[in-house]
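Thanks for asking me to look over this one. Here is the structure, with my notes below it.

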Amino acid sequence: MSYKIAVVGDQDTITGFALAGATYTHIHTAREETLAKLNEFFASGEIGLVLITHRVAEEFGFDFRQMLRTKGLLPLVLRIPDKTGYMPKVDELRKIIRRTVGAEIMVKKEGL
Amino acid sequence: MAMALAVAPTRMELLKLRQRVGLAQKGYDLLKEKMDALVIEFFEVLKRIQEARPKALEQLSVAHRALSMCFAIVGTLETKQASKETKRELQVDVSTRHIMGIAVPAVEVGEVERNALIRGYGLHMTSSVLDEASKKFERALKLLIELAEFEESAFAIAREFEKTKRRVNALEYILIPRLKEAIKFIMMRLDEMERENFSRLKRIKAMLEERE
(Lines give C-alpha, C1' and ligand atoms only; values in the text may rest on other atoms or scores of the structure.)
Protein backbone atom coordinates (compact mmCIF):
# COMPACT_ATOMS: atom_id res chain seq x y z
CA MET A 1 0.00 0.00 0.00
CA SER A 2 1.15 3.50 -0.74
CA TYR A 3 0.95 6.15 1.89
CA LYS A 4 1.66 9.83 2.08
CA ILE A 5 3.92 11.77 4.37
CA ALA A 6 2.97 14.39 6.93
CA VAL A 7 5.25 16.83 8.70
CA VAL A 8 4.60 18.86 11.83
CA GLY A 9 7.04 21.46 13.03
CA ASP A 10 8.32 24.98 12.61
CA GLN A 11 8.16 27.03 9.45
CA ASP A 12 11.63 26.09 8.21
CA THR A 13 11.17 22.40 8.66
CA ILE A 14 7.83 22.54 6.92
CA THR A 15 9.18 24.52 3.99
CA GLY A 16 12.08 22.15 3.55
CA PHE A 17 10.02 19.01 3.57
CA ALA A 18 7.38 20.57 1.37
CA LEU A 19 10.10 21.20 -1.19
CA ALA A 20 11.06 17.55 -0.82
CA GLY A 21 7.55 16.39 -1.58
CA ALA A 22 5.84 15.75 1.75
CA THR A 23 2.11 15.92 1.17
CA TYR A 24 0.70 17.22 4.44
CA THR A 25 2.31 19.86 6.54
CA HIS A 26 1.32 21.73 9.63
CA ILE A 27 3.10 24.63 11.22
CA HIS A 28 2.88 24.43 14.93
CA THR A 29 1.58 27.59 16.54
CA ALA A 30 -1.40 26.98 18.78
CA ARG A 31 -1.52 23.88 20.92
CA GLU A 32 -5.12 22.92 20.25
CA GLU A 33 -4.78 23.33 16.54
CA THR A 34 -1.72 21.15 16.34
CA LEU A 35 -3.28 18.54 18.55
CA ALA A 36 -6.35 18.42 16.33
CA LYS A 37 -4.14 18.19 13.28
CA LEU A 38 -2.11 15.39 14.78
CA ASN A 39 -5.26 13.49 15.64
CA GLU A 40 -6.40 13.96 12.10
CA PHE A 41 -3.09 12.66 10.74
CA PHE A 42 -3.20 9.65 13.00
CA ALA A 43 -6.78 8.83 12.17
CA SER A 44 -6.59 9.21 8.41
CA GLY A 45 -5.65 5.98 6.80
CA GLU A 46 -3.61 7.44 4.00
CA ILE A 47 -0.67 8.78 5.97
CA GLY A 48 2.20 6.38 6.41
CA LEU A 49 4.76 8.55 8.10
CA VAL A 50 4.51 11.50 10.43
CA LEU A 51 7.64 13.52 11.00
CA ILE A 52 7.49 15.76 14.05
CA THR A 53 10.18 17.96 15.48
CA HIS A 54 11.45 17.12 18.92
CA ARG A 55 10.50 20.54 20.10
CA VAL A 56 6.86 20.09 19.22
CA ALA A 57 6.75 16.51 20.43
CA GLU A 58 8.17 17.59 23.73
CA GLU A 59 5.65 20.34 24.13
CA PHE A 60 2.85 17.81 23.93
CA GLY A 61 4.63 15.45 26.27
CA PHE A 62 2.06 13.16 27.78
CA ASP A 63 -0.65 13.68 25.15
CA PHE A 64 1.78 12.79 22.42
CA ARG A 65 3.05 9.67 24.13
CA GLN A 66 -0.52 8.64 24.73
CA MET A 67 -1.20 9.00 21.02
CA LEU A 68 1.83 6.92 20.19
CA ARG A 69 0.69 4.23 22.53
CA THR A 70 -2.80 3.99 21.14
CA LYS A 71 -1.98 4.19 17.45
CA GLY A 72 -1.74 1.04 15.44
CA LEU A 73 1.16 0.13 13.25
CA LEU A 74 0.52 3.12 11.03
CA PRO A 75 1.47 5.83 10.76
CA LEU A 76 5.12 5.51 11.55
CA VAL A 77 6.21 8.39 13.69
CA LEU A 78 9.69 9.82 13.74
CA ARG A 79 10.91 12.66 15.84
CA ILE A 80 13.46 14.81 14.11
CA PRO A 81 15.61 17.72 15.19
CA ASP A 82 14.63 21.13 13.86
CA LYS A 83 17.02 23.57 12.23
CA THR A 84 18.74 24.39 15.49
CA GLY A 85 19.47 20.70 15.82
CA TYR A 86 17.48 20.56 18.99
CA MET A 87 17.32 17.13 20.58
CA PRO A 88 16.06 16.26 24.03
CA LYS A 89 18.61 15.06 26.51
CA VAL A 90 16.65 11.93 27.28
CA ASP A 91 16.45 9.74 24.27
CA GLU A 92 13.12 8.00 23.82
CA LEU A 93 14.75 4.84 22.56
CA ARG A 94 17.19 4.74 25.44
CA LYS A 95 14.34 5.08 27.87
CA ILE A 96 12.65 2.09 26.34
CA ILE A 97 15.81 0.03 26.44
CA ARG A 98 16.27 0.81 30.08
CA ARG A 99 12.71 -0.06 30.90
CA THR A 100 12.58 -3.31 29.01
CA VAL A 101 16.03 -4.75 29.34
CA GLY A 102 16.45 -3.28 32.77
CA ALA A 103 19.94 -2.04 32.08
CA GLU A 104 21.53 0.83 30.29
CA ILE A 105 23.11 -0.37 27.14
CA MET A 106 25.99 1.52 25.72
CA VAL A 107 27.12 0.47 22.35
CA LYS A 108 30.77 1.19 21.98
CA LYS A 109 30.75 3.01 18.69
CA GLU A 110 29.08 6.10 20.02
CA GLY A 111 26.52 7.14 17.49
CA LEU A 112 23.25 7.69 19.26
CA MET B 1 5.71 -17.50 50.51
CA ALA B 2 3.15 -17.76 47.83
CA MET B 3 -0.39 -18.11 48.93
CA ALA B 4 -1.76 -21.55 48.28
CA LEU B 5 -4.79 -21.95 46.09
CA ALA B 6 -7.95 -23.05 47.82
CA VAL B 7 -8.19 -26.70 46.85
CA ALA B 8 -9.84 -29.79 48.15
CA PRO B 9 -7.19 -32.19 49.49
CA THR B 10 -7.98 -35.11 47.27
CA ARG B 11 -5.92 -37.33 45.08
CA MET B 12 -7.92 -36.26 42.06
CA GLU B 13 -7.06 -32.64 42.71
CA LEU B 14 -3.42 -33.50 43.19
CA LEU B 15 -3.23 -35.12 39.78
CA LYS B 16 -4.89 -32.13 38.19
CA LEU B 17 -2.50 -29.73 39.88
CA ARG B 18 0.51 -31.70 38.77
CA GLN B 19 -0.75 -31.47 35.24
CA ARG B 20 -1.21 -27.74 35.55
CA VAL B 21 2.30 -27.26 36.88
CA GLY B 22 3.64 -29.21 33.93
CA LEU B 23 1.74 -27.03 31.52
CA ALA B 24 2.75 -23.81 33.24
CA GLN B 25 6.36 -24.93 33.19
CA LYS B 26 6.18 -25.66 29.50
CA GLY B 27 4.63 -22.28 28.81
CA TYR B 28 7.27 -20.63 30.92
CA ASP B 29 10.08 -22.28 28.99
CA LEU B 30 8.57 -21.28 25.68
CA LEU B 31 8.08 -17.68 26.72
CA LYS B 32 11.59 -17.53 28.04
CA GLU B 33 12.86 -18.68 24.69
CA LYS B 34 10.73 -16.10 22.96
CA MET B 35 12.23 -13.44 25.17
CA ASP B 36 15.73 -14.46 24.20
CA ALA B 37 14.83 -14.35 20.54
CA LEU B 38 13.28 -10.91 20.97
CA VAL B 39 16.41 -9.58 22.60
CA ILE B 40 18.52 -10.79 19.71
CA GLU B 41 16.11 -9.22 17.26
CA PHE B 42 16.04 -6.01 19.27
CA PHE B 43 19.80 -5.65 19.20
CA GLU B 44 19.83 -6.32 15.50
CA VAL B 45 17.47 -3.41 14.95
CA LEU B 46 19.38 -1.21 17.39
CA LYS B 47 22.54 -1.77 15.45
CA ARG B 48 20.83 -0.67 12.28
CA ILE B 49 19.45 2.42 13.98
CA GLN B 50 22.90 3.25 15.18
CA GLU B 51 24.14 3.19 11.64
CA ALA B 52 21.21 5.03 10.10
CA ARG B 53 20.64 7.73 12.68
CA PRO B 54 23.83 9.78 12.45
CA LYS B 55 23.69 9.66 8.67
CA ALA B 56 20.10 10.87 8.53
CA LEU B 57 20.58 13.60 11.10
CA GLU B 58 23.72 14.80 9.41
CA GLN B 59 21.94 15.04 6.09
CA LEU B 60 19.06 16.87 7.75
CA SER B 61 21.32 19.52 9.21
CA VAL B 62 23.04 19.89 5.85
CA ALA B 63 19.62 20.38 4.31
CA HIS B 64 18.66 22.99 6.88
CA ARG B 65 21.85 24.87 6.17
CA ALA B 66 21.10 24.84 2.47
CA LEU B 67 17.58 26.05 3.15
CA SER B 68 18.88 28.93 5.25
CA MET B 69 21.11 29.88 2.35
CA CYS B 70 18.11 29.74 0.12
CA PHE B 71 16.11 31.98 2.44
CA ALA B 72 18.96 34.44 2.37
CA ILE B 73 19.61 34.42 -1.34
CA VAL B 74 16.25 33.75 -2.93
CA GLY B 75 14.20 35.33 -0.18
CA THR B 76 11.94 33.92 2.48
CA LEU B 77 8.68 34.65 0.76
CA GLU B 78 9.84 33.37 -2.58
CA THR B 79 11.09 30.16 -1.02
CA LYS B 80 7.84 29.61 0.81
CA GLN B 81 5.96 30.34 -2.37
CA ALA B 82 8.04 27.78 -4.23
CA SER B 83 7.40 25.22 -1.51
CA LYS B 84 3.69 25.73 -2.02
CA GLU B 85 4.01 25.25 -5.75
CA THR B 86 6.03 22.10 -5.41
CA LYS B 87 4.33 18.85 -6.28
CA ARG B 88 3.87 17.15 -2.97
CA GLU B 89 3.01 13.63 -3.88
CA LEU B 90 5.76 11.56 -2.41
CA GLN B 91 4.51 8.11 -1.59
CA VAL B 92 5.97 5.46 0.63
CA ASP B 93 5.00 1.83 0.50
CA VAL B 94 4.47 0.44 3.93
CA SER B 95 3.85 -3.24 4.41
CA THR B 96 4.24 -5.38 7.49
CA ARG B 97 6.80 -7.95 8.28
CA HIS B 98 6.49 -10.43 11.10
CA ILE B 99 9.23 -11.04 13.59
CA MET B 100 8.31 -13.66 16.17
CA GLY B 101 4.68 -12.93 15.53
CA ILE B 102 5.01 -9.18 15.96
CA ALA B 103 4.02 -7.00 13.10
CA VAL B 104 6.80 -4.56 12.27
CA PRO B 105 6.69 -2.12 9.40
CA ALA B 106 8.66 -2.61 6.23
CA VAL B 107 8.96 0.58 4.26
CA GLU B 108 9.75 0.84 0.63
CA VAL B 109 10.58 4.16 -0.95
CA GLY B 110 11.06 4.80 -4.56
CA GLU B 111 13.28 7.55 -5.82
CA VAL B 112 12.80 10.53 -3.57
CA GLU B 113 15.21 12.81 -5.33
CA ARG B 114 13.67 14.66 -8.19
CA ASN B 115 14.77 16.67 -11.09
CA ALA B 116 14.32 20.42 -10.77
CA LEU B 117 12.04 20.32 -13.77
CA ILE B 118 9.50 17.98 -12.26
CA ARG B 119 9.41 19.49 -8.80
CA GLY B 120 6.71 21.84 -9.95
CA TYR B 121 7.89 25.27 -8.95
CA GLY B 122 8.55 27.70 -11.69
CA LEU B 123 12.13 27.92 -12.81
CA HIS B 124 11.60 31.51 -13.60
CA MET B 125 12.23 33.61 -10.46
CA THR B 126 13.86 30.76 -8.58
CA SER B 127 17.51 29.96 -8.38
CA SER B 128 19.77 26.96 -8.31
CA VAL B 129 20.16 27.53 -4.58
CA LEU B 130 16.55 26.51 -4.20
CA ASP B 131 17.13 23.41 -6.29
CA GLU B 132 20.08 22.58 -4.12
CA ALA B 133 18.08 22.97 -0.89
CA SER B 134 15.25 20.87 -2.26
CA LYS B 135 17.64 18.14 -3.32
CA LYS B 136 19.23 18.05 0.08
CA PHE B 137 15.87 17.84 1.81
CA GLU B 138 14.86 15.03 -0.51
CA ARG B 139 18.00 13.13 0.41
CA ALA B 140 17.40 13.76 4.10
CA LEU B 141 13.80 12.62 3.77
CA LYS B 142 14.85 9.34 2.20
CA LEU B 143 17.24 8.61 5.04
CA LEU B 144 14.66 9.64 7.62
CA ILE B 145 12.09 7.31 6.13
CA GLU B 146 14.50 4.41 6.54
CA LEU B 147 15.30 5.50 10.06
CA ALA B 148 11.60 5.68 10.90
CA GLU B 149 11.18 2.07 9.85
CA PHE B 150 13.96 0.91 12.16
CA GLU B 151 12.87 3.00 15.09
CA GLU B 152 9.29 1.90 14.79
CA SER B 153 10.43 -1.72 14.65
CA ALA B 154 12.51 -1.21 17.76
CA PHE B 155 9.53 0.22 19.60
CA ALA B 156 7.29 -2.62 18.48
CA ILE B 157 9.78 -5.24 19.60
CA ALA B 158 10.35 -3.49 22.90
CA ARG B 159 6.63 -3.38 23.54
CA GLU B 160 6.28 -7.07 22.85
CA PHE B 161 9.29 -7.81 25.00
CA GLU B 162 7.72 -5.99 27.89
CA LYS B 163 4.52 -7.97 27.53
CA THR B 164 6.39 -11.24 27.37
CA LYS B 165 8.45 -10.34 30.38
CA ARG B 166 5.36 -9.62 32.38
CA ARG B 167 3.94 -12.99 31.46
CA VAL B 168 7.15 -14.80 32.28
CA ASN B 169 7.30 -13.12 35.65
CA ALA B 170 3.69 -13.90 36.39
CA LEU B 171 4.34 -17.56 35.70
CA GLU B 172 7.63 -17.71 37.49
CA TYR B 173 6.80 -15.80 40.63
CA ILE B 174 3.09 -16.26 41.06
CA LEU B 175 1.38 -19.06 39.24
CA ILE B 176 3.99 -21.79 39.50
CA PRO B 177 4.83 -21.17 43.18
CA ARG B 178 1.15 -21.14 44.03
CA LEU B 179 0.52 -24.40 42.26
CA LYS B 180 3.51 -25.98 43.97
CA GLU B 181 2.30 -24.70 47.30
CA ALA B 182 -1.08 -26.26 46.67
CA ILE B 183 0.51 -29.56 45.76
CA LYS B 184 2.54 -29.50 48.93
CA PHE B 185 -0.56 -28.72 50.93
CA ILE B 186 -2.46 -31.64 49.47
CA MET B 187 0.41 -34.03 49.99
CA MET B 188 0.76 -33.03 53.62
CA ARG B 189 -2.94 -33.37 54.13
CA LEU B 190 -3.02 -36.80 52.52
CA ASP B 191 -0.11 -37.95 54.63
CA GLU B 192 -1.80 -36.64 57.72
CA MET B 193 -4.95 -38.54 56.85
CA GLU B 194 -2.94 -41.67 56.39
CA ARG B 195 -1.38 -41.27 59.82
CA GLU B 196 -4.79 -40.62 61.37
CA ASN B 197 -6.12 -43.73 59.78
CA PHE B 198 -3.13 -45.74 60.91
CA SER B 199 -3.49 -44.70 64.55
CA ARG B 200 -7.22 -45.23 64.38
CA LEU B 201 -6.69 -48.79 63.18
CA LYS B 202 -4.15 -49.39 65.93
CA ARG B 203 -6.58 -48.13 68.49
CA ILE B 204 -9.41 -50.29 67.19
CA LYS B 205 -7.18 -53.30 67.14
CA ALA B 206 -6.20 -52.69 70.75
CA MET B 207 -9.84 -52.31 71.73
CA LEU B 208 -10.75 -55.56 70.02
CA GLU B 209 -7.94 -57.42 71.73
CA GLU B 210 -9.04 -56.07 75.09
CA ARG B 211 -12.56 -57.37 74.58
CA GLU B 212 -11.40 -60.92 74.09
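Predicted model: local features only at pLDDT ≥ 70, side-chain atom pairs only at ≥ 80, totals over all residues.

1. Residues are numbered from 1 along each chain as its sequence is written, and chains are lettered from A and ligands numbered from 1 in the order in which they are written.

2. Chain A brings 33 residues to the contact and chain B brings 44 (C-beta atoms, placed from the backbone, within 7 Å). On the chain B side, helix 4 (128–211) is among the elements that give two or more residues, and helix 4 of chain B has the largest share, 17 residues. Helices are DSSP runs of H or I with at least four residues, and strands are runs of E with at least two, numbered from the N terminus.

3. Strand 1 (residues 2–9) of chain A runs antiparallel to strand 1 of chain B, joined by 2 bridges; DSSP must find at least two bridges for strands to pair. Here A:Tyr3 stands opposite B:Val92.

4. Do look at helix 1 (residues 11–20) of chain A: 9 of its 10 residues are buried (20 or more other C-beta atoms within 10 Å of a residue's own, all placed from the backbone). Among them are A:Ile14, A:Phe17 and A:Leu19. The cover includes strand 1, strand 2 (24–27) and strand 3 (47–53) of chain A, along with helix 1, helix 2 and helix 4 of chain B.

5. After helix 1 of chain A comes A:Gly21, with a positive phi near 110°.

How values were computed: Contact = placed C-beta atoms within 7 Å. Buried ≥ 20, exposed ≤ 12 C-beta atoms within 10 Å, placed from the backbone.
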